[in-house]
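Subject: Structure handover

Hello,

Here is the structure, with notes on what turned up in it. Please read them with the model open.

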Amino acid sequence: MDNAPLTAFETILRQGAKRTHTATLEQLAILYGRTALGAAFLSAVADRFGLWGKYGGWGNFANFTHYTAQVNSFTPAFIIPFLAWAATAAELLLGVGLVLGLWPRRLALGAATLLFLFGTAMAISLGIKSPLDYSVFSASAGAVFLALYQSRKSVANS
């Protein structure tokens, strides 16, 4: 009996179980990607306001504004405070939205764009090694994958 061919019903059941397993892994991967990206944005925002204490990098907004000026060395000085606040607002919105799973495709595209712009500014001002060492372009690419997955998912469901 062990070598008996599968009935059509048994074949369908096995294929369904495989699809469910794959779907679960995909869902977990998307959750992991959204959460990791969102948490990274929120961690950076928290550091700007000293919430990481001695474990933080900038520790306060003045230090972050100074870093913003370094990364955007090609930008006029009077624009730097605006860039620092705009980046903070964008990262807060992206972080919360990604963690909560709100507008996943749009926020993933926003994250990819913001990270690409940040990485490009870093490369121009500090050299290409800097954004590569901090995996800025890798995070941007991960955000693109999140957006593309969400897009593929919506097309498949329609």
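The largest pocket has a volume of about 1000 Å³. A pocket here is an open set of points on a 1 Å grid over the protein atoms alone, where a 1.4 Å probe fits, with protein on both sides within 12 Å along at least five of seven lines. The volume is the space filled by probe spheres set on the points, joined across faces, edges and corners.

The lining has 35 residues, and F41, R48, E91, L115 and F118 are the closest to the pocket centre. Lining residues have an atom within 4 Å of a point.

This is a predicted model: local features need pLDDT of at least 70, side-chain atom pairs count only at pLDDT 80 or more, and totals for chains, interfaces and linings use all residues. Numbering runs from 1 along each chain as its sequence is written, and side-chain values use heavy atoms, without hydrogens and water.

α1 gives the largest share of the lining, 10 residues. At least two residues each come from α1 (8-48), α2 (61-71), α3 (80-100), α4 (104-126) and α6 (136-157). Helices are DSSP runs (H or I, at least four residues), numbered from the N terminus.

Now the packing. α2 and α3 pack at about 110 degrees, axes 9 Å apart. Axes are lines fitted to C-alpha atoms over the stretch in contact, and angles run from 0 to 180 degrees between N-to-C directions. The two helices are therefore roughly perpendicular (65 to 115 degrees). F61, F64, T65, T68 and A69 in α2 meet I80, P81, L83, A84, W85, A87 and T88 in α3 (heavy atoms within 4.5 Å).

Best wishes

Key
Parallel < 35°, antiparallel > 145°, perpendicular 65-115°, else oblique.
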